[in-house]
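Take a look at the fold below. We will walk through it one piece at a time.

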Amino acid sequence: MAEAPLVGIIMGSTSDWETMRHAASVLDELGVAHETKVVSAHRTPQRLYDYATSAAGRGLKVVIAGAGGAAHLPGMAASMTHLPVLGVPVESKALKGVDSLYSIVQMPGGIPVGTLAIGKPGAINAGLLAAAILATSDEALSQRLQAWRAAQTDGVATDPK
């Protein structure tokens, strides 16, 4: 039987997968069980409500939400769960993701969303941050995360040639 997911990765549309797959990839590398769903704040509001309000009860510990443009998904999810929500601004065509970033980062006091960088770097860091949150109570994951970071450090050349 597959391990129950600890991290939920949601996105506003299937086109967001190109960015959000990087969060899933990092979680796969670190051995963190996760699920992925398309949940649009604007086009599937009932699906969003059902997902966010049931997340903790289903065993999720962290939600990563990626959205572009108006990017209401992370904030709306955060308003309906006590779980940490990490927002990934997906790059938009019109404003290159700056619109998404502003939409996610400008949450009112009382509804926190941990906002990451625009695009692929933000998705990678969301996966790493979700793992770090979980690692505070999972020593084996903490060791895997430390090994991942050490490998990253070891992969940096000392000579520019």
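Two strands pair if DSSP finds at least two bridges between them. Helices (H or I, at least four residues) and strands (E, at least two) are DSSP runs, numbered from the N terminus. This is a predicted model: local features need pLDDT of at least 70, side-chain atom pairs count only at pLDDT 80 or more, and totals for chains, interfaces and linings use all residues. Residues are numbered from 1 along each chain as its sequence is written, and side-chain values use heavy atoms, with hydrogens and water left out.

Start with the sheet. Five strands form it, it is open, and its order is S2-S1-S3-S4-S5 with parallel pairing. Strand S2 (34-38) and strand S5 (114-115) are at the edges. Each has a single partner strand, so one side of each lacks a neighbour in the sheet.

Now follow the pairs. S1 and S2 are parallel and share five bridges. Here Ile9 stands opposite Thr36 in S2. Strand S4 (residues 85-90) and S5 also run parallel, joined by two bridges. Gly87 stands opposite Thr115 in S5.

Helices pack on this sheet. Contact means heavy atoms within 4.5 Å. Axes are lines fitted to C-alpha atoms, for helices over the stretch in contact, and angles run from 0 to 180 degrees between N-to-C directions. Helix H4 (residues 98-105) touches strand S3 (62-68), S4 and S5, and its direction makes about 160° with that of S4. Helix H5 (residues 120-135) touches strand S1 (7-11), S3 and S4, and its direction makes about 175° with that of S4.

Five of the five residues of S1 are buried, so S1 is largely enclosed by the rest of the structure. Ile111 lies in the loop between H4 and S5. At 25% relative accessibility, Ile111 counts as partly exposed. Ile111 touches Gly75, Ala78 and Ser79, not counting residues up to four places away in sequence. The C-alpha atoms of Ile111 and Ala78 are separated by 6.3 Å, though these residues are 33 residues apart along the chain.

Conventions. Buried means under 20% relative accessible area, exposed over 50%, partly exposed in between (1.4 Å probe, protein chains only).
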